[in-house]
Each structure stands twice: as structure tokens, then as C-alpha cells.
Amino acid sequence: MSTVTSTWRQRRQAARTRRAIDRALSRTSSPGMRNELLALANADRIVGR
């Protein structure tokens with residue numbers, strides 16, 4: 001049961017992170033800032049956080 005709960009929490013956290021990144025990207029005022037946000041988001045995925 002704890003594995004199911006843990007998996008569910010991880011998925012919810014990933015969904016929250018994706019929404020936060022999407023909101024930040026929609027608010028950027030410059031292409032440079034957008035690129036920085038995308039680089040940070042991709043680095044986070046590569047590291048596996």
C-alpha cells in the first residue's frame with residue numbers, strides 16, 4: 001500500500017511541477033528568460049528530481 005501511495009505522490013508532485021513551469025513560461029518577457037527556464041526544467045528532469 002505504501003508503494004501505491006508513494007507513486008501517487010510522486011505523480012502529483014510531477015504534475016504540480018509541470019504546471020508551475022508552464023505558468024512561468026507563459027509569464028516570461030524575453031526569449032532569453034524562456035530559454036533559461038527551459039534549461040532549468042530539463043536539467044531537473046535529467047538529474048531525476
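View 1. Arg 16 is partly exposed, with a relative accessible area of 40%, where buried means under 20%, exposed over 50% and partly exposed in between, for a 1.4 Å probe and protein chains only. Arg 16 lies in helix α1, residues 2–27. This is a predicted model, in which local features need pLDDT of at least 70, side-chain atom pairs count only at pLDDT 80 or more, and totals for chains, interfaces and linings use all residues. Residues are numbered from 1 along each chain as its sequence is written, and side-chain values use heavy atoms, with hydrogens and water left out.

**View 2. Helix α1 and its buried residues.** Ala 15, Ile 21 and Leu 25 are the buried residues of α1. The end C-alpha atoms of α1 are 38 Å apart, which agrees with the 38 Å that its 26 residues should span at 1.5 Å a residue, the expected span being 1.5 Å times one less than the number of residues.

**View 3. The whole chain.** Buried residues make up 8% of the 49 residues in the protein chain.

Key. Helix = DSSP H or I, 4+ residues; strand = E, 2+ residues; numbered from the N terminus.
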